[in-house]
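Got your viewer open and the chains coloured separately? Here is a short tour, one selection at a time.

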Amino acid sequence: MPVHDLSSQHTGLYSPKAQNGAQVGSPTETRFLDIEDLAAEINAALQPGQAIGVTIGPDTDLDRLAPFIDRLAVIAIEFSAFKDGRGFSQARILRDRFGYAGDIRAVGELLLDQVQFLIRVGFSSVDLPPHISEADVQAVVERFTVVFQAAADSRRPVQRLRQSTGEAGV
Amino acid sequence: MYEYDTFDQTLINQRVNEFRDQVKRRLSGELTEEQFRPLRLLNGLYLQLHAYMLRVAIPYGTLSSEQMRALAHVARTYDKGYGHFTTRQNIQYNWIRLEDAPDLLYDLAAAQLHGIQTSGNVIRNVTADHFAGATADELDDPRIYAELIRQWSTLHPEFSFLPRKFKIAVTGAEEDRAAVRFHDIGLILRRNGDGEIGFEVIAGGGMGRTPVVGPTIRKFLPKQHLQSYLEAILRVYNRYGRRDNIYKARIKILVRDLGTDAFTKEVEAEWEAIDKAHVDHELHEEHRVRKMFAPPAFVTSTAKEVPSQVSPPDFENWRKTNTHAHKQSGYAIVTVSLKPYGGIPGDATAEQMDLIADLAERFSFGEIRVSHEQNLILPHVEQRNLIELWTVLSKAGLGTANAGLITDIIACPGLDYCSLANARSIPVSQRISERFSALQRQHDIGELKVKISGCINACGHHHAGHIGILGVDRKGEEFYQITLGGSGAEDAEIGKIIGPGFSYDEIVDAVEQIVHVYLDLRQPGEPFLNFYRRVGAEPFKERLYARA
């Protein structure tokens, strides 16, 4: 399925530990490993400068990624069903707590309408069915111009806009 | 009252546009019903037994006269001329056509109303004490915090695909009218030893097939950390709540399975790790919202102006049950009963809604509340205007003097509307209401909360009823189980099943027998619930099942 780059859809990632923008890993050069084999493989197989990606599940213990997290170019989070929202929290924690600045990719069963939320919690790319075009993604992303809570993106919630515009209830 | 600014309005306008597009795609066949379902549910549109049902959010149960008129307009234009106020302080319309739904939401948006997050596995419309801002026993106005929660939870990107629905209730009063211990999260405003305001946080309460009185997980949370603490609870729930079984997916099951202490530990650890300055609300926003909930311009010292003429006894009965002490002397909080004898609990016609909108403007600063007991509240009425108000209400069938009495019944829509129901609720409620319609008798019985659910999902809150009635299906026949001793108030308790169920024909007699036991054996002035707690189930069992 085609991978959509979401990182251009917003102006940067919020991260208290790393202020760098996300870099989308190129799928043609990235080798995906099972997390079970990650610890052993990562040091043995990885050449200096070589990119590596990992696919994790919605319930993967993120602490297990901590030792290698700086070497991961992509963390792909698997959605087994669109209703299973655990992946949203996984991404949020990777950005906010681990300060992970690489590509976080949503893969699996997802709805186009979820893209706006994916971006806000820190995903920087998404794998969507082939019939969905870049224009479709763009339309969903632009649908809502205001947000009401701080998340892992750089969008400012309404209450902070109210403060800066001095708007007290127009 | 809270009023939208351009930001609030922008979001709901964009939401209407989104939904219009989705409906268009559905009607053209581009979307299948399966694909459309999760999208329509996010806007409160259900497919019920006979038609689409649309649920409109009334945040913390507060409405302006203008908003009430918009609800009347919807009832008249898109439904059969009436609407149904629910136990979650919302309103439902039961006869909506899919092709009309976008226009309906467009009309509502002009009155700052919407259907966002009134269904689906999301943070639902937040509820609060329906006497907020008017009652004397209040530490602070819970609507301020409920409004902050409304904003924070609106289209929350991380918590829009939870294991199951999620309900938050807030109260600032000593008397719990918001049933906070029966919510996924309940918040009670408290003051700590240093005089600071914050919340007692309750998590994991609920009704449904596994009723739980929610435990307190934090005695005092400083109010400025409301949002970060809610995020911590929601994140723990989103990550660890069960998703394999719909009946075990609510947070109450997670709290129960982990144990309150272990759950609390998880939440506290999560909260520790959150960047609070990033997530918590801005103080200036709290001030902005607080200003909008400033008390209206009360007229002082009107107490002596009560008309000297002798008031009719019917009015005195109404005043006894349907008015409540106001924090401002000379004022009263008025409950407008939506429980006429033999009527459908919570139903109001478009004409009644318009009338209440007018009366609110004349007598209550244009403010209306919806109570979770399915009545409407005029929160700020001058006592000298009570007779006039009552006279107008009575003429419109809205003057029933039964607030808190046995005929003030909560009932879910039941098998008459709902695709989940096993049995009818509304006709049972109507028959009980007719049986006990003699007002003198009702007053003699005193406070008695009867709550009826048409299935185990407990939308009629039967677990919290002094007398709870649960409709079940027994070999294709409607049967009704009775529970006694429940309470949704500050002394929250789950009612206990008294014994075998009763048929549709027997259930009203059974309720009457229960009332007789109470009347025969109570001590002077002893309310039903106290009586039950003193004597237990035995005398009731004897009377109900002796002949069997």
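**First stop: a buried arginine**

Keep in mind as you click that this is a predicted model. Start by selecting Arg250(B): with a relative accessible area of 15%, Arg250(B) is buried, because anything under 20% counts as such. Asp184(B) and Arg250(B) form a salt bridge, and their closest N and O atoms are 2.9 Å apart. Asp184(B) sits in the loop between β7 (168–171) and β8 (185–191) of chain B, while Arg250(B) sits in the loop between α6 and α7 (251–258) of chain B, so the pair ties together parts that are 66 residues apart in sequence. Asp184(B) counts as buried too, at 1% relative accessibility.

**Next: a salt bridge between two helices**

Select Arg235(B) and Glu270(B). Their side chains meet in a salt bridge, 3.0 Å from N to O. Arg235(B) belongs to helix α6 of chain B and Glu270(B) to helix α8 of chain B, so this pair ties together parts 35 residues apart in sequence. Are Arg235(B) and Glu270(B) buried or exposed? Both are buried.

Zoom in on the chain A part: Arg92(A) and Asp96(A) meet through their side chains in a salt bridge of 3.1 Å, N to O. Both lie in helix α2 (residues 86–96) of chain A, four residues apart, or about one turn of the helix. Arg92(A) and Asp96(A) are both buried as well.

**Then: where the chains meet**

Show both chains and highlight the contacts. On chain B, 47 residues are in contact with 40 residues of chain A. The two chains bury about 3,900 Å² between them, with 54% of it on carbon and sulfur atoms. How many salt bridges are there between chain B and chain A? The count is nine. For one to look at, pick Arg162(A) and Glu285(B), which form a salt bridge with the closest N and O atoms 2.9 Å apart.

To see what chain B brings, colour its elements that give two or more residues to the side touching chain A, among them α1 (6–27), α2 (33–41) and α10 (283–292) of chain B. α1(B) gives the most, with ten residues.

**Over to a sheet in chain B**

Switch to cartoon view and find the open sheet of five strands, in the order β3-β14-β15-β12-β11 (chain B), with antiparallel pairing. β3 (62–64) and β11 (323–325) of chain B are at the edges, each with a single partner strand, so one side of each has no neighbour in the sheet. From one strand to the next, the twist averages 30°.

Zoom in on β14 (residues 367–370) and β15 (residues 376–382) of chain B: these run antiparallel and are joined by two bridges. Pick Arg369(B) and you'll find that its bridge partner in β15(B) is Ile377(B). Now bring in helix α3 (residues 65–78) of chain B, which packs on the sheet and touches β3, β14 and β15 of chain B. The direction of α3 makes about 90° with that of β3(B). Helix α11 (residues 313–322) of chain B also packs on the sheet, touching β11 and β12 (331–336) of chain B, and its direction makes about 50° with that of β11(B).

Technical notes. Residues numbered from 1 in each chain as written. Chains lettered and ligands numbered in written order. Predicted model: local features only at pLDDT ≥ 70, side-chain atom pairs only at ≥ 80, totals over all residues. Heavy atoms only, no water. Pairing = 2+ DSSP bridges. Axes fitted to C-alpha atoms, helices over the stretch in contact; angles between N-to-C directions. Contact = heavy atoms within 4.5 Å. Buried area = accessible area lost by both parts, 1.4 Å probe. Salt bridge = Lys/Arg side-chain N within 4 Å of Asp/Glu carboxyl O. Buried < 20%, exposed > 50% of the residue type's maximum accessible area, 1.4 Å probe, protein only.
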